[in-house]
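Thanks for asking me to look through this one with you. Here are my notes, written to be read with the structure open beside them.

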Amino acid sequence: MKFAKFVVKCRIPILILALVLMIPSILGYLRTRVNYDMLDYLPEDMDTVIGQKELMNDFNKGAFSFIIVENMPYKDVAALKEKISKVEHVATVIWYDSVMDLSVPAEMLPDEFYQAFNAGNATMMAVFFDSPTSADVTMDAIREIRAICGKQCFVSGMSALVTDLKDLCEQQEPIYVTIAVILACVAMTLCLDSWLIPFVFLFSIGMMIMLNFGSNFFLGEISYVTKALAAVLQLAVTMDYSIFLWHSYNEQCMYYTDKKEAMAVAIKETLSSVIGSSTTTIAGFIALCFMSFTMGRDLGIVMAKGVLLGVIGSVTVLPSLILILDKPLQKTKHRPLIPNPEKMENGILKIFPVFLIIFVLLIPPAYYGYRKTNSEVYYDMGECLPKNIDFVIANTKLRETFGIGSTHMVLVSSSLPSKDIRAMINEMKQVDGVKYVLGLESVMGSRIPEEILPESVNSAVKSDKWKFMLINSEYRVASDSVNEQIDKLNAILKKYDRNGMLIGEAPCVKDMIEVTDYDFKVVNIFSIVSIFVIIALVTKSISLPFILIVVIELAIFINLGLPHYFGQSLPFIAPICISTIQLGATVDYAILMTTRYISERTGGKDRKPAVLTALRTSVQSVIVSGMGLFAATIGVAVYSDIDIVSSMCRLLARGAIISMLMVIFILPALLLLCDKLICKTTFGMTKICDRTGVVVQ
């Protein structure tokens with residue numbers, strides 16, 4: 001109460017402070033870099049990550065792209081190559097004329113080298129940058145190259161992907177955040193009793209979102225997935241706390257004539273209630289921090305921070321706003337447009353055995369679909385972009401015209417004898433799906449002696465420490481075929497040079513598959529265990545955590561199982577994040593109903609009246625909460641062209657509804673079924689009598 005009275009007394013300074021803090025928050029938000037490269041989040045000790053650093057340190061090469069040129073004479077291509085080589089941060093451009101003058105007949109080139117860069121009316125050049133894949137300067141260079149090349153040229157590679165991804169995100173993000181705000185406002189207008197209060201909520205939550213985003217400056221950078229989802233998630237998840245304060249304030253106004261005193265009590269009640277519910281949500285997000293694929297940590301930290309700020313805002317900024325705007329809020333009150341479904345509550349209890357049967361019948365197909373969906377995820381980030389975007393068009397050209405699905409890079413010791421390297425190259429050529437291996441030895445293996453190779457070519461593929469080779473593969477990134485190919489190539493490489501490294505997009509994605517498969521198990525276990533402990537502490541029960549988690553886990557299985565039955569493939573990060581977020585965010589619905597059930601049982605009611613009261617008093621809040629999360633995410637799911645964003649928002653929207661239905665229909669049935677077990681295993685309930693007068697021991 002001391003804190004609550006302090007907030008009420010200092011409401012004007014609190015609002016002034018909040019508004020002043022918006023200035024550094026906006027500056028922090030604008031200065032926080034956004035990372036669009038998923039591969040940057042691999043553990044630092046992996047060979048693929050170490051190899052990328054070695055490539056940068058020894059060869060001054062970071063990003064890599066193929067540029068496909070169609071229907072252009074060689075002399076014009078040579079002029080284009082010169083222009084591209086002058087673009088800032090372009091380190092090397094390799095093409096036909098890198099090895100031999102254009103005046104020399106193409107027949108003088110090794111067949112392998114010539115065919116690697118020519119196909120029909122198209123030719124291809126390899127461009128290396130002296131900056132990392134997702135660096136801002138690399139993306140600027142990609143844009144400049146596209147401007148130089150025009151419509152006859154197509155730029156592929158990871159840097160082109162992240163450039164298009166960044167441009168699309170920046171274009172769409174303001175629109176879908178606006179959609180989320182509008183739909184959340186509509187949902188609150190329908191479910192609440194004031195026309196004005198939704199806008200007050202949004203103003204308060206908006207300030208907390210800006211504080212959250214501004215404080216990300218201290219993290220250095222955040223991932224684009226975090227930036228795309230954090231605002232929508234924070235709005236959806238923390239809306240409940242605002243709704244609870246408003247309901248509590250209106251309730252206290254019936255008992256206190258002094259509005260300030262009513263608000264102080266409402267703040268106290270809100271704090272007592274939301275601490276338990278926000279703790280489960282924060283625990284869900286903290287679970288993501290235990291991923292070795294550090295994008296999970298990125299999202300987990302930002303969202304846990306956002307939920308904490310949401311709680312603070314709901315008991316400081318929001319009550320201050322409500323007190324200042326009390327008169328217009330009271331004048332704009334109306335009856336909730338969605339009535340409390342009282343008849344439904346009685347009906348649920350009358351046929352509760354039916355819901356138990358439905359519960360049992362849902363488990364096998366839900367779990368089967370859930371397992372299948374997890375095995376059908378995709379890891380190729382190009383698949384998350386629209387088909388008409390520049391990168392996707394370029395990659396399709398590369399695959400269809402040149403037969404290249406992915407490109408690997410090999411680093412071998414410069415001290416390895418040339419004859420061993422030639423033998424290794426010959427073995428690698430025999431691996432299924434390898435189109436060709438390009439290196440100093442593969443070029444020198446023909447009629448061209450090493451002495452006549454230009455210094456630019458020598459320095460591009462050889463340093464004091466390493467020799468560098470390119471392997472072009474027919475197989476696409478993240479496919480089973482390319483992963484098997486990488487294993488075979490690595491085995492050959494290690495046979496000749498145990499310190500050699502196979503790097504590139506496909507090897508990095510293969511590592512990502514292995515890392516995230518492990519992460520999925522770790523995150524799931526941590527989130528379930530931590531939320532189990534929190535529920536056990538809140539309910540002082542051993543059995544109730546099992547019951548509540550089983551209900552929400554089944555909702556998660558149904559939600560994540562449906563993509564398999566619908567024939568949809570999800571981005572790999574979606575099941576990991578959604579299973580944790582849905583558990584943390586929607587288990588609150590179950591806790592709300594269960595704590596009321598405990599209160600009614602310990603107050604002397606029999607199991608059925610206790611469950612009925614718990615359902616009746618909770619159903620409106622559960623519906624409002626579920627509809628709020630649904631409204632805040634469904635618009636983004638429908639609008640966004642970035643599949644990783646739309647998929648996760650679609651899963652969150654659907655998960656909110658499924659969890660809501662499970663809590664309303666299945667949880668009461670389980671509470672009735674397990675009443676005796678609950679009484680035996682819950683502190684303070686061991687001597688509760690049923691209506692026959694028998695003490696439940």
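The points below take the annotated spans, a sheet with its helices, a few loop residues and then the aromatic side chains in turn.

1. Please keep in mind throughout that this is a predicted model. The record to start from is an unreviewed UniProt entry, whose annotation "domain: Membrane transport protein MMPL" covers residues 134-325 and 469-673. In the model, the span 134-325 is 81% helix and 3% strand, and its end C-alpha atoms lie 47 Å apart. For residues 469-673 the figures are 83% helix and 4% strand, with 67 Å between the end C-alpha atoms.

2. Next, the sheet. In which order do the strands β8, β9, β10 and β11 lie? The order is β9-β10-β8-β11, in an open sheet of four strands with antiparallel pairing. The edges are β9 (434-438) and β11 (501-504), each of which pairs on one side only. From one strand to the next, the twist averages 25°.

3. The pairings can be followed residue by residue. Strand β8 (residues 406-413) and strand β10 (residues 466-473) are joined in the antiparallel sense over eight bridges, and Val410 has Met469 of β10 as its bridge partner. Between β9 and β10, also antiparallel, there are four bridges; here Val434 stands opposite Ser473 in β10.

4. Helix α17 (residues 418-429) lies across β8, β9 and β10, and runs at about 15° to β10. Helix α21 (residues 505-539) lies across β8 and β11, running at about 95° to β11.

5. Most residues other than glycine have a negative phi, and most peptide bonds are trans. Asn71 has a positive phi, near 50°, and lies in the loop between β2 (64-70) and α4 (74-85). Lys540 also has a positive phi, near 55°; its loop is the one between α21 and α22 (543-566). Lys540 counts as exposed because its relative accessible area is 51%, and the cut-off is over 50%.

6. Another loop residue, Thr133, has a covered setting. Thr133 sits between β5 (122-129) and α6 (136-149). With a relative accessible area of 16%, Thr133 is buried. Leaving out residues up to four places away in sequence, Thr133 touches Asp37, Ala63, Thr138, Met158, Ser159 and Val162.

7. For a helical position, take Asn490 in helix α20 (residues 480-496). Asn490 is partly exposed, at 25% relative accessible area. Although Asn490 and Val550 are 60 residues apart in sequence, their C-alpha atoms are 44 Å apart in space.

8. Gly28 gives a contrast in sequence distance and spatial distance. Gly28 belongs to helix α2 (residues 11-31) and counts as buried, at 7% relative accessibility. Which residues does Gly28 touch, not counting those up to four places away in sequence? They are Phe213, Gly214 and Phe217. Phe218 is 190 residues from Gly28 along the chain, yet the two C-alpha atoms are separated by 8.4 Å.

9. That leads to the aromatic rings. A pair of aromatic rings is described by the distance of the centres and the angle of the planes. Counting rings whose centres lie within 6.5 Å, there are 18 aromatic pairs.

10. Tyr41, Phe293, Tyr379 and Phe572 form one aromatic cluster. Elsewhere, Lys61 lies over the face of Phe128, at 5.3 Å from the ring centre.

How values were computed. Residues numbered from 1 in each chain as written. Predicted model: local features only at pLDDT ≥ 70, side-chain atom pairs only at ≥ 80, totals over all residues. Heavy atoms only, no water. Phe/Tyr/Trp six-rings, centres within 6.5 Å; stacked < 30°, edge-to-face > 60°. Lys NZ or Arg CZ within 6 Å of the ring centre and 35° of its normal. UniProt positions renumbered as here; feature names shortened; annotations may be inferred. Helix = DSSP H or I, 4+ residues; strand = E, 2+ residues; numbered from the N terminus. Buried < 20%, exposed > 50% of the residue type's maximum accessible area, 1.4 Å probe, protein only. Pairing = 2+ DSSP bridges. Axes fitted to C-alpha atoms, helices over the stretch in contact; angles between N-to-C directions. Contact = heavy atoms within 4.5 Å.
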